[in-house]
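Could you read this alongside the viewer? I've jotted down some points on the charged side chains and on one hairpin.

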Amino acid sequence: NMINAFEDHIDLHKQTASLIFSKPVSEVSDEPGSSSIGGGLYSERFWGKKGNHSLNYDLGYKAFALINEISEAEAKFIYDRYHVTYPGVKQYHTWVRTKLAKDRILENCFGRKRIFLERWGDELFKESYAFTPQSSVSEIINRRGINYTYYHQELFKPIELLNQVHDSIVFQIHRKWSIETHAECILRLVESLEQVINFRGMSFSIPADVMCGTTLNKKKMKEVNVHEYTTIAGLAGQLYHIHGELRAT
C-alpha cells in the first residue's frame, strides 16, 4: 500500500491516515482538531504522519501513547490499524533480524555497510530497522546535495551553504543574482537529489521539496512547486511571485 501510494504521488501521511480511519484519502483532513484522538488538538493527517515516522521502526503502542500523550487505547487503535494496513513493515523487520543473525552486517542503498556490535535485543533491532532508510537519505543529502554543490562551484557559484539537517539542505542566494539564476540553481540541485536509487531489485526516486523565505524560520517560509514549474522561466516566475509575498509580510 505504501509503495503504491508513493509511486502514484499520493501524500503518504494522508494515505496512512485514510487507512487508519477507514475513509478516502480525499476526505482526510489536515486541519488541527479534525481528529478526536489526543484531545481533539490534532488533524487526521497528523496521526498518519506520527505512525509513518515511528511505527515503521517498531515503536510499541505503549511507547507511542507516552510520547504522543494519548491514551493507550487510542495508541493501540492506531498501532493495530497501521500494521494491518502495512503488513510488509513487520516482514521487513523479520528480514533485518535474519540478516543480523547471519553476520550482523546491513547495507544501505549506496552499498555502505555497518556492523552492529551492540547487545542483542530490542534496542539493537530498532536501530538496525532505521539504518537502511535513514543512512540512505543522509547519503543522498551528502553526496548529491552538499558535495555536489560544494565541489561544483562553476555551477553553484551563487549558492552559500548554511546548514544540513539530516534530510535537508539550507542555503542562501544573494539578491544581486537574477531570479533566473536562483531558479537554475534550484532545478539543478533538485535534479541531482532526485536521481534514481536501487534497493532489493526496486528502482525509485525520492522527491525533493523546496521552501524559500527571507529568514531561517521554516514557519515563515513558502513552498516552491518545483515539480509543476520545471523550466527555468516557469520556476523564476513562481519565485518572483513568492518573493513579492514574502516582502509584503
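Here are my notes, point by point.

1. Ground rules first. This is a predicted model, with local features needing pLDDT of at least 70 and side-chain atom pairs counted only at pLDDT 80 or more, while totals for chains, interfaces and linings use all residues. Residues are numbered from 1 along each chain as its sequence is written, and side-chain values use heavy atoms, with hydrogens and water left out.

2. Salt bridges, overall. The whole structure has 10 salt bridges, the criterion being a side-chain nitrogen of Lys or Arg within 4 Å of a carboxyl oxygen of Asp or Glu.

3. Lys90 and Asp58. Their side chains form a salt bridge at 3.4 Å, N to O. The pair links distant parts of the chain, 32 residues apart: Lys90 is in helix 6, and Asp58 is in the loop between helix 3 (44–52) and helix 4 (61–68). Helices here are DSSP runs of H or I with at least four residues, strands are runs of E with at least two, and both are numbered from the N terminus. Is Asp58 buried or exposed? Asp58 is buried, because its relative accessible area is 18% and buried means under 20% (exposed is over 50%, partly exposed in between; 1.4 Å probe, protein chains only). Lys90, at 33%, is partly exposed.

4. Glu245 and Lys222. This salt bridge has an N to O distance of 3.8 Å. It too links distant parts of the chain, with Glu245 in helix 10 (residues 232–248) and Lys222 in strand 8 (residues 222–224), 23 residues apart. Glu245 is partly exposed at 32% relative accessibility, and Lys222 is partly exposed at 30%.

5. Glu118 and Arg114. Here the salt bridge comes in at 3.2 Å, N to O. Glu118 counts as partly exposed, with 32% relative accessibility, and Arg114 counts as partly exposed with 24%.

6. The positive patch. Which residues form the positive surface patch? They are Lys99, Lys102, Lys113 and Arg200. Patch members need over 30% relative accessible area and no salt bridge, with like charges joined within 9 Å. Lys and Arg count as positive, and His and the chain ends are not counted; a charge is placed at NZ of Lys or CZ of Arg. Lys99, in helix 6 (residues 87–103), is partly exposed because its relative accessible area is 31%.

7. Strand 3 (residues 159–164) and strand 4 (residues 169–173) run antiparallel and are joined by 5 bridges; pairing takes at least two DSSP bridges between the strands. Ile159 has Ile173 of strand 4 as its bridge partner. The two strands form a hairpin with 4 residues between them, and His166 in the turn has a positive phi of about 55°.

8. Where does Arg175 lie? Arg175 is in the loop between strand 4 and helix 9 (179–193), and at 77% relative accessibility it counts as exposed. Its C-alpha is 9.6 Å from that of Pro158, 17 residues apart along the chain.

Technical notes: Patches are made of residues with over 30% relative accessible area and no salt bridge: like charges are joined within 9 Å, nonpolar side chains (Val, Leu, Ile, Met, Phe, Trp, Tyr) within 5 Å. Accessible areas come from the Shrake-Rupley method with a 1.4 Å probe; for residues, only the protein chains shown count as cover.
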